[in-house]
Amino acid sequence: MGDLVVRIVDEEHASLGIGLGHNTRFGPVRRVCSKRFSPDFGNERDTVEQIIDPIALYLICGLGAAGIALALPRRDREGGRTMTIVGGLLLAAAFGLGALLLGLKAGETESPLPNYFFYPFAAIGLGGALRMITHKRPVYSALYFIMTIIASCGMYLLLSAEFMAFALVIIYAGAILITYLFVIMLATQAPTGDKDEFLDEVDAEAREPYLASAIGFVLIGLLTAAMFRGIGDLPEPTESMTLAQAEDAVLVNLPKKIDKILDRNDLLPDGWRVARDPETGKAMLDVDARTITIELVDGKDSHGHANVLATRVLTSEDWPADLSANNLDRLGYNLLNDHPMMIEVAGIILLMAMLGATVLARKHVELEEDLKAAQARKLGAYMGDEQGGAA
Amino acid sequence: MIIMFLCTELMFQAAGLALIAFGRHHLGADGQTFVIFVLCVAAAEAAMALALVVLLFRHRESLGASAWKELNG
């Protein structure tokens, strides 16, 4: 049960990380944290005060710990249901207080709240996660987990990771969770007469709920504080660059895509293409200045390089509106260019999992001796027929 | 036992969210690439969970973690 709480720690940690987050494509909202990261801020030591009062943070952590300890399922005590409700309310109060304080602080520093879409998603996600670990019946747990996944999908969208958001819905909610539901429905017994489902004692009860939640929330508090104190060591984000520029930077690596788009916009005469760097093969275009160099090529020279007859520069007026890299281009390029090893490793892991699962779940078929002999005879007769027919 | 596996999935989810958030913070795509990897591991784990459940159920007719008590160290 200890890891349950740690999981919540991670979840909240992650959500805090974005909660203090950044402008997205949904609107030109100024960053709350740009102040924290700016070098002229001086003393990095008290950055946590910029976000939230540390004492309030620890108080909220304590409140949350008490709430979750009460909410975790147990059977040995009377009124378990009321305890769960009280615990849930306490937790909700803790999170609400946290959000309120964050909002107040953000108002003080005259920055708007980072993103209004974030809060409903965070609330739904955390609520679903909480209900998932406190619910007694596995089927409901799995369904609440789907809710959490969809909420975190929303957060991925806010973070402009569109591809991952949809992959998450399809793979996680669509495939993995269905596997789990299948397992649960296959293998758990239906509730018998008695209100409690026939569940093992170990599964229906939280083990060491108080200790686990205390440790978990101590970890939350420390991690959150450490994250903001230690942030001076992290590289500063490039303030001058916007996300769109960062995404377009990958365009130089995709000359064929540029060719296609220019061709679609009737910007390429016959035989012309985007100029490639002869050494690296990268497209010669300046994303910042919005200029594209195109070249007329005819065959190849003796070194295998393209024979360039003429070059021309398209100015920023000619930059086609649909020439930009999207999240998918960037992710695909990053995956294949920077982490090709990971694809191999993932393939091996999946293969091993498949083999392991097959080996674990295989059924040893025991046949009687005479049945075996009869089958061997039948097979032999069949083979003989086949050979006779062939001859 | 299923709850335990579900909980590890939730941990993966949290880690993925953190990866994407920090990846976005640094305007890089590495975080998202790693989330794909996390997704692979989660899928592999789901397959193993299914196999374990089938095996356990065949042996003990129960899915309780205490049915496997003798495995403890």
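How many helices and strands are there in chain B? Chain B has two helices and zero strands; helices (H or I, at least four residues) and strands (E, at least two) are DSSP runs, numbered from the N terminus. The model is predicted, so that local features need pLDDT of at least 70 and side-chain atom pairs count only at pLDDT 80 or more, while totals for chains, interfaces and linings use all residues. Residues are numbered from 1 along each chain as its sequence is written, chains are lettered from A and ligands numbered from 1 in the order in which they are written, and side-chain values use heavy atoms, with hydrogens and water left out.

**Figure 1. The two chains.** Chain A has 15 helices and four strands. Of its 391 residues, 39% are buried, whereas 56% of the 73 residues of chain B count as buried. Buried means under 20% relative accessible area, exposed over 50%, and partly exposed in between (1.4 Å probe, protein chains only). The accessible surface is about 21700 Å² for chain A, with 61% belonging to carbon and sulfur atoms, and about 2800 Å² for chain B, with 71% belonging to carbon and sulfur atoms. These areas come from the Shrake-Rupley method with a 1.4 Å probe; for residues, only the protein chains shown count as cover. Among contacts between residues at least 6 apart in sequence, 67% in chain A join residues at least 24 apart; the corresponding value for chain B is 55%. Contact means heavy atoms within 4.5 Å.

**Figure 2. The aromatic pair A:Phe145 and A:Tyr172.** The structure holds one aromatic pair over all chains. A:Phe145 and A:Tyr172 form this pair, which is edge-to-face, with 6.0 Å centre to centre and 90° between the planes. Rings of Phe, Tyr and Trp (its six-membered ring) pair if their centres lie within 6.5 Å; planes under 30 degrees apart count as stacked, over 60 as edge-to-face and the rest as tilted. Because A:Phe145 lies in helix H7 (residues 138–158) of chain A and A:Tyr172 in helix H8 (residues 162–187) of chain A, the pair ties together parts that are 27 residues apart in sequence. A:Phe145 is buried at a relative accessible area of 0%, and A:Tyr172 is buried at 1% relative accessibility. Beyond its neighbours within four places in sequence, A:Phe145 is in contact with residues of both chains, including A:Met132, A:Leu177, B:Leu6 and B:Gln13.

**Figure 3. The largest nonpolar core.** A nonpolar core is a set of buried Ala, Val, Leu, Ile, Met, Phe, Trp, Tyr and Cys residues joined through side-chain atoms within 4.5 Å. The largest has 53 residues, of which A:Phe145, A:Tyr156, A:Met164, A:Tyr172, A:Leu177 and A:Tyr180 touch the most other members. Elements giving two or more residues to this core come from both chains, among them helix H6 (118–134) of chain A and helix H1 (2–25) of chain B. The largest share, 12 residues, comes from H8(A). A second, separate core of 19 residues includes A:Leu251, A:Leu254, A:Val274 and A:Ala283.

**Figure 4. Helix H6 of chain A.** H6(A) has 17 residues and reaches 24 Å from its first C-alpha to its last, close to the 24 Å expected at 1.5 Å a residue. The expected span of a helix is 1.5 Å times one less than its number of residues. The buried residues of H6(A) include A:Phe118, A:Gly125, A:Met132 and A:Thr134.

**Figure 5. Surroundings of B:Gln32.** B:Gln32 is found in helix H2 (residues 30–60) of chain B and is buried, with a relative accessible area of 6%. Leaving aside neighbours within four places in sequence, B:Gln32 is in contact with A:Ser160, A:Ala161, A:Met164, A:Asn327, A:Leu331 and B:Ile20. A:Asn327 and A:Leu331 are among the buried residues of H13(A). A:Ser160 lies in the loop between H7 and H8 of chain A and is buried at 3% relative accessibility. A:Ser160 has a positive phi of about 55° although it is not a glycine. Most residues other than glycine have a negative phi.

**Figure 6. Cysteines of chain B.** B:Cys7 is buried at a relative accessible area of 1%, and B:Cys40 counts as buried at 18%. A search of the whole structure finds zero disulfides over all chains, a disulfide being a pair of cysteine sulfur atoms within 2.5 Å.

**Figure 7. The loop residue A:Glu208.** A:Glu208 lies in the loop between helix H9 (201–204) and helix H10 (209–229) of chain A. A:Glu208 is exposed, with a relative accessible area of 51%. The C-alpha atoms of A:Glu208 and A:Ala69 are separated by 9.0 Å, although these residues are 139 residues apart along the chain.
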